[in-house]
Amino acid sequence: MNNNLKKINIYAIYLGAIILILPLIAFFINAFSFRWFYPQVIPKELSLQAWVRLKLIPKPGQRSFEGFIELWASNPTVIKALLNSLSIGFLVTIVSIIIALPAARVLGLLNFRFKKLIIFIMVSPTILPPIAFVLGLNINFISWGFSGNYFGVCLVHLVPIMPYVVLTMTGIFANYNPDFEHQARTLGANKTRTFLLITLPAIAPGMVVAALFAFLVSWSQYLLTFLIGAGKVMTLPLLVFSTASSGNPALTAAISIIFIFPAILILFFTSKFVSGESGATSGFGKI
Amino acid sequence: MGGERLKIILSLTPPLLIIFTLFFGGIFYGFLQSLGYQPAIGKYEINFSAYYNVMFSERYAKLFWTGLGLNLWVSFASTFLAAVFALFGALAIRKTFFAKTICNFIYSLNLPMPHLVVAVGIIFVFSQSGLLARLASQIGLIGSPGDFPVLVKDKYGLGIILAYIWKEAAFFFIILMSVLQSLGENFEELAQSLGANRWQRFRYVILPLVMPNLFSASIIVFAFSFGAYEVPALLGVIYPQMLPVMAFEFFLNPDLNARSEGMALSIIIAIIVMILVVFYFWLTQAKIRKD
């Protein structure tokens, strides 16, 4: 009896895993078969046509090294969106870490009046929906001249990222002992050296995780980029959305695969840090 | 002492400046516009007519109340079901078995996946010519795609709920796994030695222990699904329409008067979620105090 129950248990887990992975399977079938008609489950022929049409892979016959370079140098839309997404993500992540570092240190190590209120203010953008602030902000940005450009998009991405990086790093500093810094200083190290040799190594692992997730939050931002970028700043999520709305499954699947690749990579490298205990996990709910 | 105070103020100013000018500034300006204050089109009076129009005018009332109903239904159903699936998954997966690491990875796979991609995946799997329909026709359950039930772009929001379950179950799963790991199996073994059966161990031992974390995660998921745009925009229908999509469409309307209504809607969404935030914050603070 108990043994049977155990078996059912395990089969249920396998079934759950298969169901969970179905969309991913569908992505790959769609991306590598251009004519996948109902009711075929397995496509009759594999095809790279979606990738050719997106100008990511050259036409047959031109698939040499030079062919690829020439094609990518012609700056196809997907490459442009990919570069935008990457550069916005990197820039916003670095800026948010630099801004968050001193604040997180103060919040993690010191006790002062209004600390709870300040944390509450910092948390609010992680819970309130983006649509609540971005509609009003959009009109402000138009009058400030930030709308429809790269700088404005970076600035607005800071809103969902900032609170979350501050909170994660506050958690790191709450478990950090600043006495080592005093020791280094009394032994004659200057402020920069102390930071580089004492502080940074201690907080680095947590900081890397915060940075990876900050990048991911920026990477998957659709609404904010669409409204503030006003259609002039094309990123991958915008491309996925518009292709999905226009309804070509092969093209949508191909772009989506490029779009989810970093996400899976980041999960792979951080899976040991990801637990319900770390503040980082709650950020996942927002992606 | 004074030096420390200066340090605190200087350190906290940059992030607070961003949050105040961009986030609260955006909400405040949106609120002003929802009150009809639109200098751009020469309107300076302040009134609540946009709120009235959205909620009670003949033109929009039906759209708004069905939308609110759909919002509540989708958020409640997806939060509850995702939590239940994750709970059973997490409880079952604790035991060792073949390919456990792979299963664990697959169960957390949707965690970093953007909602947008999950929505596209749901279309690929559950639409009438999707992967499931093909499998069903292969084993002779259905003939043409039309025989497959409408699960995507349906008026009950089933596709939207499916997408949120897919995505948020992974979030619940990670949180539950870490709680269960930190608890160990001691409590359950104790209960078992006292004669508790499977159901009793689940109901009176495990559930009360995971409930606080499960509940605060539910608030996050509920608040998110209540105000998110991408998933209902891709998987929803024109009527009934979820409120964030409705707000966005009002906003993009070429008629600038509709803009106030869009702002009013986004403020209404924010107020509903704000009530949840306060509740959530109160809950976490109570938990910290208890610890």
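Helices here are DSSP runs of H or I with at least four residues, numbered from the N terminus. On that basis Phe114(A) sits in the loop between α4 (77-109) and α5 (115-127) of chain A. The model is predicted.

**Backbone geometry**

Most residues other than glycine have a negative phi, and most peptide bonds are trans.

Lys153(B) is not a glycine either, yet its phi is positive, at about 55°. Lys153(B) belongs to the loop between α6 (131-138) and α7 (158-183) of chain B. Lys153(B) has 17 C-beta neighbours inside 10 Å and so counts as partly exposed.

| Peptide bond | Omega | Loop holding the proline |
|---|---|---|
| Tyr38(A) to Pro39(A), cis | near 0° | between α1 (2-31) and α2 (49-53) of chain A |
| Tyr239(B) to Pro240(B), cis | near -5° | between α10 (230-235) and α11 (243-252) of chain B |

**Chain B**

The secondary structure of chain B consists of 12 helices and zero strands. Its C-alpha atoms fill a box of roughly 75 × 75 × 30 Å along the principal axes. Of the 291 residues in chain B, 45% are buried. Among contacts in chain B with a separation of 6 or more, 68% are between residues 24 or more positions apart.

Helix α8 of chain B, residues 186-193, lies largely in the open, because the number buried among its eight residues is zero. After α8(B) comes Gly195(B), with a positive phi near 100°.

**Interface between the chains**

How many residues of chain B are in contact with chain A? The count is 77 residues of chain B, facing 78 residues of chain A. Helix α1 of chain B (residues 2-34) supplies the largest share of the chain B side, with 18 residues. By residue class, the chain B side comprises 56 nonpolar, 18 polar and three charged residues. The size of an interface is often given as the accessible area lost when the parts come together. The interface figures in this report are residue counts, with 77 on chain B and 78 on chain A.

Terms used: Residues numbered from 1 in each chain as written. Chains lettered and ligands numbered in written order. Predicted model: local features only at pLDDT ≥ 70, side-chain atom pairs only at ≥ 80, totals over all residues. Contact = placed C-beta atoms within 7 Å. Helix = DSSP H or I, 4+ residues; strand = E, 2+ residues; numbered from the N terminus. Nonpolar A, V, L, I, M, F, W, Y, C, P; charged D, E, K, R; others polar. Buried ≥ 20, exposed ≤ 12 C-beta atoms within 10 Å, placed from the backbone.
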